[in-house]
Amino acid sequence: MRVVIAGAGSVGRSIARELLGRDHEVTLIDRSPTAMRVAQVADADWLLADACEISTLSEAKVDGCDVIVAATGDDKANLVISLLAKTEFGVPRTVARVNNPKNEWMFDESWGVDVAVSTPRIMTAMVEEAVAVGDLVRIFTFHQSGADIHEITLPHDSHLVGARVGAVEWPADCVLAAVVRDTTPIAPAPDDTLEAGDELLLVTGQGADLATLQSLLAGTQGAAAS
């Protein structure tokens with residue numbers, strides 16, 4: 001896979017190193033000479049230029065890449081880069097960094113963004129996930145579909161403890177995607193039994209009733225068949 005990353009700061013370089021470690025081809029673009037720390041990501045191709053310019057994206061051959069990552073520290077730039085990549089070069093997949101959560105509403109398909117990654121929101125979710133047992137925590141939103149990934153650690157008094165996955169009446173637009181038990185991820189099968197302390201990862205659609213899901217999981221209302 002060929003990936004172009006706009007923004008060679010600490011975020012962009014970290015992404016590049018991870019991708020190169022997985023044998024992907026990476027090009028890094030940045031307009032600041034001080035960001036040209038080529039030795040830190042020596043296996044990447046580097047381009048000193050403004051990624052908001054069509055000529056720069058053309059020089060980087062983004063029309064032949066699989067993904068472009070707009071990872072600068074400027075939300076306006078990330079939106080422009082995503083829009084140009086999608087509309088002018090037909091890049092199949094665009095990923096954009098959201099620096100200010102107040103701007104997150106703009107990072108959608110109208111600006112050419114397929115996936116928006118808000119570092120503040122992810123960090124907030126991780127903090128909530130680290131301290132909350134029995135609370136449904138939104139981890140990630142797929143901006144193209146509007147679906148969410150939620151996490152909950154099953155409390156000891158939940159009605160679902162001891163229930164078979166296939167016997168649980170999950171609310172509409174809710175799918176149990178994975179169970180993490182201790183440190184082991186499990187693809188849930190109908191005959192698997194849920195245990196206290198299980199970390200459940202659920203995918204919910206836009207029409208999902210999260211209050212009903214929270215009540216089912218936390219055990220404050222409703223019950224699951226066993």
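I began with a charged pair: the side chains of Arg31 and Asp50 form a salt bridge, with N to O at 3.9 Å. Arg31 belongs to the loop between β2 and β3, and Asp50 to the loop between β3 and α2 (54-59), so this pair ties together parts that are 19 residues apart in sequence. I note that the model is a predicted one.

I then looked up how open each partner is. Arg31 is exposed, because its relative accessible area is 61% and the cut-off for exposed is over 50%. Asp50 has a relative accessible area of 23% and is partly exposed.

**Other salt bridges**

How many salt bridges does the count come to? I get eight salt bridges by this rule. As background, side chains of opposite charge can pair when their charged atoms come close.

I looked at Asp74 and Lys76, whose side chains meet in a salt bridge at 3.8 Å, N to O. Asp74 is partly exposed at a relative accessible area of 31%, and Lys76 is exposed at 62%.

Next I took Lys86 and Asp114, where the salt bridge has an N to O distance of 2.7 Å. This pair links distant parts of the chain, 28 residues apart: Lys86 is in helix α3, and Asp114 is in the loop between β5 and β6. Is Asp114 buried or exposed? I find Asp114 buried, because its relative accessible area is 7% and buried means under 20%. Lys86 has 25% relative accessibility and counts as partly exposed.

I also noted a network: Arg181, Glu195 and Asp198 are joined into one by salt bridges that share partners.

**The six-stranded sheet**

I traced an open sheet of six strands with parallel pairing, in the order β3-β2-β1-β4-β5-β6. Which strands stand at the edges? They are β3 (45-48) and β6 (115-118); each has a single partner strand, so one side of each is left without a neighbour in the sheet. From one strand to the next, I read an average twist of 15°.

For one pairing I went into detail. Strand β2 (residues 25-30) and β3 run parallel and are joined by four bridges. I found Thr27 opposite Asp45 in β3.

Helix α3 (residues 75-87) does, and it touches β1 (2-6), β4 (67-70) and β5. The direction of α3 makes about 175° with that of β5.

**Thr94**

Thr94 is in strand β5, which covers residues 93-98. With a relative accessible area of 1%, Thr94 is buried. Which backbone oxygen does the side chain of Thr94 reach? I find that of Gly112, at 2.4 Å.

Leaving out residues up to four places away in sequence, I list the contacts of Thr94 as Ile68, Ser82, Ala85, Lys86, Gly112, Val113, Asp114 and Val115. Lys86 and Asp114, both in this list, are the pair noted above for their salt bridge.

**The five-stranded sheet**

I traced another open sheet, of five strands with antiparallel pairing, in the order β7-β8-β11-β9-β10. At its edges stand β7 (137-141) and β10 (184-186), each with a single partner strand, so one side of each is left without a neighbour in the sheet.

Four bridges join β7 to strand β8 (residues 148-153), and the two run antiparallel. Val137 has Glu151 in β8 as its bridge partner.

**Helix α5**

I looked up where helix α5 (residues 210-218) lies, and found it across β8, β9 (174-181) and β11 (199-204). Helix α5 runs at about 160° to β11.

Which residues in α5 are buried? I noted Leu213, Ser215, Leu216, Leu217 and Ala218. The buried residues of α5 pack against β8, β9 and β11.

Last, I checked the N-terminal end of α5, which Asp209 caps. A side-chain oxygen of Asp209 lies 3.2 Å from the backbone nitrogen of Ala211.

Note on methods. Residues numbered from 1 in each chain as written. Predicted model: local features only at pLDDT ≥ 70, side-chain atom pairs only at ≥ 80, totals over all residues. Heavy atoms only, no water. Buried < 20%, exposed > 50% of the residue type's maximum accessible area, 1.4 Å probe, protein only. Polar contact = N/O pair within 3.5 Å; in protein donor to acceptor, adjacent residues only side chain to side chain. Contact = heavy atoms within 4.5 Å. Pairing = 2+ DSSP bridges. Axes fitted to C-alpha atoms, helices over the stretch in contact; angles between N-to-C directions. Salt bridge = Lys/Arg side-chain N within 4 Å of Asp/Glu carboxyl O.
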